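This report is written for a reader who is meeting the structure for the first time. Please look over the sequence and the model before reading on.

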Protein chains: 2
Amino acid sequence: MSKLLAVGTVAFDAIETPFGKTDKILGGSGTFVGLAASQFGVQTGVVSVVGGDFPQSYLDMMNKKGIDTTGVEIVKEGKTFFWSGKYHNDMNSRDTLVTELNVLEHFQPIVPSSFKDAEIVMLGNLHPLTQAAVLDQMDKQPKLVVLDTMNFWMDIALNDLHEVLKRVDVITINDEEARQLSGEYSLVNAAKKIHEMGPKYVVIKKGEHGALLFNEGNMFYAPALPLAEVFDPTGAGDTFAGGFCGYLAKTGDISFENMKSAIIFGSNLASFCVEKFGTQRMEELTKDEVQIRLQSFKDLTQFDIKIS
Amino acid sequence: MSKLLAVGTVAFDAIETPFGKTDKILGGSGTFVGLAASQFGVQTGVVSVVGGDFPQSYLDMMNKKGIDTTGVEIVKEGKTFFWSGKYHNDMNSRDTLVTELNVLEHFQPIVPSSFKDAEIVMLGNLHPLTQAAVLDQMDKQPKLVVLDTMNFWMDIALNDLHEVLKRVDVITINDEEARQLSGEYSLVNAAKKIHEMGPKYVVIKKGEHGALLFNEGNMFYAPALPLAEVFDPTGAGDTFAGGFCGYLAKTGDISFENMKSAIIFGSNLASFCVEKFGTQRMEELTKDEVQIRLQSFKDLTQFDIKIS
């Protein structure tokens, strides 16, 4: 079993969907990654920052799940990062209503000494310089560095992004962002170009259309489980990434074959995440439920054709 | 082995893509279905209509592939159905430039006596009354009736469509059309509603995002093979349907388990169809190429996770 270090946001979200709306609830990429990874019982540390307004009970919940929050700095006089968004009827697009960076604006990540030897590092969707600052603090180059990013950083910090990508093994990115970063429409060609930027493995997230894993001519595809109802998509991408990293950390095997299983586990966990608002479903999720749904993934994708 | 009867268009297409453009070339849903089914060596009859301008050489090519064209009526004084379209850069959307119905306008399908006992019938995307007229001519209810349709018929002939759907086992439809027909956004719920309209099996085609097969609570998903280059998507959906029907006809097994293999074969053949303009790639396709690419589909989708 490997140690997993995740840097990302720990935040407040206020979400509106066709099914209802929430007040400020727990959110953030670091939170979702941590909760997903906690399913595998791996030692997970989250590096983030919150304000004095952040409830201790949220941290307690994370700790109870086995998530080490030593690296979550609390800026007493500051306010926690807050995002508010409204999903459209199709749940595939959303409007951001509010983004208050607050304590995130001057965030300098500090890796706790107990996680400087983490074998797997997940760099959540933050400024590329913040992501690089985490790698700088590691005792040595981790066994596997996974990076998530978005179009925003390509727009305002493309050079910094290119720099950090050279130090990254796996990038997770959505299809539109992959096209923007590579200048290629075909995802096969996009993955090839991004591969040349550094990451040996390129994971392209296509939301309800699943995810593709590329590695030097190899491809693997994990569908999203078709659901009767998507209640709240917030955090699904981070849960996917957390499941991916968590499974790799648990097994300690970063081969392409094992990454196949890892993205199935990621997709599996993401399918739960969207069933309730915020982190609620992930907080109550049991190992049995995960196993049962894995069988659904098998039924959905496995076939028996003999090649002659 | 079962006999396959397909009704659909045999037509001229003129296609423009970012890679080039064609003059009038061979096209039509009946043509693509027939060519796909010919890969399985099943006895396939096509019911359609062409004008006096339709080259005998095209029919000769189809016959050489084992496609029975007795049911392709030739209206000497008429002109063949002609469609012209231009694909956008992303290849996922297109503009129709020209649609000349010509002989298709008054098309009355005539099922050759040698195919009135066909076990599998593929009703290509035509007016629902034309589709029903084919079923009316069968000696008895076929073992499996597969129907393809589109939003156009929902707009102008919804009642007729509902009538013919009661006589259909499998519907193939794209995601937007499934949503329109059912009034449900979630494809799981859409499939359930369409199921209640008649078809026990609902195949939802998602283009580059693959296809889903639904049957009374069972789901199966076949991805589209990610390709570096999609040269011309014309006919991919019909090739998919033809591969699906052809495989079922060859095996004579219409169980859900076997339909899983059938949609993988359909998706496999469609991945070739888009590699060249029109029918070109399907005309030259060899069984070896098909087998090799089936292995790519296995590599793309099969994983090894033990359920505990």
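Predicted model: local features only at pLDDT ≥ 70, side-chain atom pairs only at ≥ 80, totals over all residues.

## How the two chains are related

## The annotated domain of chain A

An unreviewed UniProt entry lists residues 6-282 of chain A under "domain: Carbohydrate kinase PfkB".

## A covered helix in chain B

Helix α1 of chain B, which takes in residues 29-38, is mostly covered, with 10 of its 10 residues buried. The buried residues of α1(B) include B:Ser29, B:Gly30 and B:Thr31, and also B:Phe32, B:Val33 and B:Leu35. Among the others that are buried in this helix are B:Gly34, B:Ala36, B:Ala37 and B:Ser38.

## Two crossing helices

Helix α9 (residues 256-273) and helix α11 (residues 287-301), both of chain B, have axes that come within 10 Å and cross at roughly 115°. Because angles of 65 to 115 degrees count as roughly perpendicular, α9(B) and α11(B) are described as roughly perpendicular to each other. Their crossing is right-handed.

Residues from both helices take part in the meeting of α9(B) and α11(B): on the α9(B) side they include B:Ile264, B:Phe265, B:Leu269 and B:Phe272, and on the α11(B) side they include B:Val290, B:Arg293, B:Leu294 and B:Phe297.

## Two loop residues with positive phi

In the loop between β9 (94-100) and β10 (120-123) of chain B lies B:Asn102, a residue other than glycine whose phi has a positive value, near 55°. B:Asn102 counts as partly exposed because its relative accessibility is 25%.

A positive phi, near 40°, is also found at B:Glu216, again a residue other than glycine. B:Glu216 is placed in the loop between β14 (211-215) and β15 (218-222) of chain B. Its relative accessibility is 59%, and B:Glu216 therefore counts as exposed.

Terms used
Residues numbered from 1 in each chain as written. Chains lettered and ligands numbered in written order. Heavy atoms only, no water. Buried < 20%, exposed > 50% of the residue type's maximum accessible area, 1.4 Å probe, protein only. Helix = DSSP H or I, 4+ residues; strand = E, 2+ residues; numbered from the N terminus. UniProt positions renumbered as here; feature names shortened; annotations may be inferred. Axes fitted to C-alpha atoms, helices over the stretch in contact; angles between N-to-C directions. Parallel < 35°, antiparallel > 145°, perpendicular 65-115°, else oblique. Left-handed = near helix turned anticlockwise from the far one by under 90°. Contact = heavy atoms within 4.5 Å.
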